[in-house]
Amino acid sequence: MNPFTYERASDPQAALALGARAGTKYLGGGTNLVDLMRETIERPNLLVDVTGLSCAIEETEEDGLRIGAGVKNTAVAADRRVRDRYPMLAQAILAGASAQIRNMATMGGNLLQRTRCTYFYDDAARCNKRNPGAGCDAVEGFNRYHAILGASSACVATHPSDMAVALAALDAVVAVEGQTGRREVPLTDFHRLPSETPQIETVLEPGELITAVTLPPEGFAGRSSYRKVRDRASYAFALVSVAAALEVEDGTVKKVRIALGGVAHKPWRATTAEAALKGGPATEPAFRAAAEAELASARGLSHNVFKIDLARRVVTDMLVKLSAQKGVI
Amino acid sequence: MHFVVNGGGVDLEFDPRTSLLDLLRERLQLFGAKKGCNQGACGACTVLVDGERINSCLALAVQYQDREITTIEGLGAPGTLHPLQAAFVEHDGFQCGYCTPGQICSAVAMAEELKRGVPSYVSDDVTAADFALTRDELRERMSGNLCRCGAYNGIVEAIEETFGITSTGSGKREAAE
């Protein structure tokens with residue numbers, strides 16, 4: 001690990017002033033950043049600890065929830081309001097990592113965690129994300145965990161977060177603060193596809209700080225679910241994960257939300273499938289056709305072609321189960 | 001910098017690169033918490049901070065000033081074992097013992113999480129008020145602690161005996177099998 005200076009920010013303005021300096025990184029729970037620093041993939045010269053800044057979960061004026069960027073993952077998943085009103089978010093958080101890591105990891109840090117592509121971690125391998133222009137060894141390598149949607153020849157890495165998949169489905173908004181002011185970014189626009197610059201992973205400008213994630217009032221309690229398919233029963237990253245919500249009226253799809261994890265460089269909101277379903281019949285063939293439409297642009301690599309069919313089947317099965325739920329509110 | 005470890009205060013200065021695990025082992029000679037993978041994958045370094053379990057290998061020590069840190073040495077000692085330590089002996093919850101301090105710290109915090117009504121991924125309904133410690137729940141909640149000797153059966157029995165298995169009913173995972 002390279003030497004660095006540690007500062008604990010007393011307030012957001014102090015954090016932003018320090019964050020404006022070159023070589024500064026904001027520090028949350030450190031569960032990913034400390035590991036990357038140990039491997040010298042990240043080499044900040046100043047760490048600004050922002051874990052003490054925004055640690056509250058509050059009601060918004062629009063009857064949603066505002067979750068501070070410093071709130072620990074466990075605290076979000078255990079929060080009574082989150083569980084009752086946004087159960088899909090609680091499930092997604094609990095699907096990720098281990099209890100120990102969820103106790104450390106923060107809301108903001110979870111969104112900014114980096115891919116677990118093994119070639120990104122291996123400094124003997126070529127990686128455009130770690131060393132822009134070097135090439136990508138994952139394209140022809142062991143790419144079971146890699147992207148099938150939205151990838152480029154420069155990068156086929158996936159975003160590892162479970163939580164962000166549920167947030168994408170819920171239309172969550174990321175509150176961001178910078179030296180020039182505040183702005184709000186829809187979660188679905190927050191992460192970028194790799195294109196030719198996979199080292200740029202989000203729309204954050206240098207020095208900008210995530211202060212909160214806001215959930216709109218619609219939480220789909222009782223008619224939503226998060227499912228994660230992985231190589232072992234617990235504590236593994238997703239091969240495919242799906243956050244889905246469905247509201248059916250008289251056999252017709254009234255509202256539907258679908259987001260996929262483990263398949264792309266960002267949480268993948270399935271807008272094509274949603275558009276295909278809305279106003280149409282809530283039937284198994286319609287669900288399957290919508291999933292197929294979403295995955296029409298999917299491209300498999302040597303070790304992950306199976307994920308295309310897996311994603312199709314998981315989406316279809318979840319919608320079938322959600323449409324069969326009785327007594328939905 | 002001031003730290004509270006196993007009930008006692010200690011002041012010391014160190015390089016900010018120091019992990020909480022290295023601080024405990026190298027500076028405070030508390031060798032209970034172990035360095036296994038050193039990247040948060042194995043759980044051998046698990047300690048309690050204000051009663052909650054964390055991976056001390058991924059924790060920068062500077063972030064944990066003035067917090068209540070508890071290691072296995074703070075849970076029990078020869079002659080005054082924590083009930084879970086005694087149960088691990090009784091049920092052969094280990095072979096080499098390397099993962100044991102982490103397993104025990106982790107399970108003690110897990111029992112507190114259950115008391116607080118924290119759900120898990122295998123909970124049938126995350127909105128429920130409380131959750132029974134079924135075998136499914138126990139295995140899911142302890143999945144951050146690996147045992148290379150494969151002493152899991154003894155570990156599960158020791159935890160069940162100490163914290164009480166409240167139901168043998170099938171959870172989501174068993175039902176799917």
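In strand β8 of chain A, the residue A:V213 stands opposite A:V174, where strands are taken as DSSP runs of E of at least two residues, helices as runs of H or I of at least four residues, and both are numbered from the N terminus. The model is predicted, so local features need pLDDT of at least 70 and side-chain atom pairs count only at pLDDT 80 or more, while totals for chains, interfaces and linings use all residues. Residues are numbered from 1 along each chain as its sequence is written, and chains are lettered from A and ligands numbered from 1 in the order in which they are written.

The surroundings of β8(A) were examined through its strand pairing, two strands being paired if DSSP finds at least two bridges between them. Five bridges connect β6(A) with β8(A), and the pairing is antiparallel. Strand β5 of chain A (residues 65-68) also pairs with β8(A) in the antiparallel sense, over four bridges. In this second pairing, A:L215 of β8(A) has A:L65 opposite. Burial was assigned from C-beta atoms placed from the backbone: a residue is buried if 20 or more other C-beta atoms lie within 10 Å of its own, exposed if 12 or fewer, and partly exposed in between. Because six of the seven residues of β8(A) are buried, this strand is largely enclosed by the rest of the structure.

Helix α1 of chain A (residues 12-19) has A:A15, A:L16 and A:G19 as buried residues. These three lie on the same side of α1(A), because they cover an arc of only 95° around the axis, the arc being that of the directions from the helix axis to the C-beta atoms. An α-helix has 3.6 residues a turn, so residues three or four places apart point the same way. Contacts were defined between residues whose C-beta atoms, placed from the backbone, lie within 7 Å. The buried residues of α1(A) pack against β2 (24-27), β3 (46-49), β6 (173-178) and β8 (209-215) of chain A.

A further part of chain A is an open sheet of four strands in the order β9-β10-β11-β12, with antiparallel pairing. Its edge strands, each of which pairs on one side only, are β9 (224-230) and β12 (268-269) of chain A. Strand β11 of chain A (residues 252-261) runs antiparallel to β12(A) and is joined to it by two bridges. Here A:R269 in β12(A) is the residue opposite A:A259.

Taken as a whole, chain A has 13 helices and twelve strands. Of its 329 residues, 54% are buried. The C-alpha atoms of chain A fill a box of roughly 60 × 50 × 35 Å along the principal axes. For 329 residues a compact globule would have a value near 20 Å, and chain A, with 20 Å, agrees. Among the contacts in chain A with a separation of 6 or more, 63% are between residues 24 or more positions apart.

Chain B has seven helices and five strands, and from the N terminus on its elements follow the order β-β-α-β-β-β-α-α-α-α-α-α. Its C-alpha trace spans about 50 × 35 × 30 Å along the principal axes, and 47% of its 177 residues count as buried. A compact globule of 177 residues would have a radius of gyration near 16 Å, and the 17 Å of chain B agrees with this.

The domain assignment of chain B, with bounds from an automatic or database domain assignment, gives domain 1 (2-75) and domain 2 (83-172). The C-alpha centres of domain 1 of chain B and domain 2 of chain B lie 22 Å apart. Contact between them involves 15 residues of domain 1 of chain B and 13 residues of domain 2 of chain B. On the side of domain 1 of chain B that touches domain 2 of chain B, at least two residues each come from β3 (46-49), β4 (52-55) and α2 (72-75) of chain B. The most, three residues, come from β3(B).

The contact between the two chains takes 29 residues from chain A and 30 residues from chain B. On the side of chain A that touches chain B, two or more residues are given by each of α2 (33-38), α3 (73-78), α4 (80-85), α5 (87-95) and α6 (99-104) of chain A. The residues of this side of chain A divide into 16 nonpolar, nine polar and four charged, where Ala, Val, Leu, Ile, Met, Phe, Trp, Tyr, Cys and Pro count as nonpolar, Asp, Glu, Lys and Arg as charged, and the others, Gly among them, as polar.

Conventions
Rg over C-alpha atoms; globule rule 2.2 N^0.38 Å.
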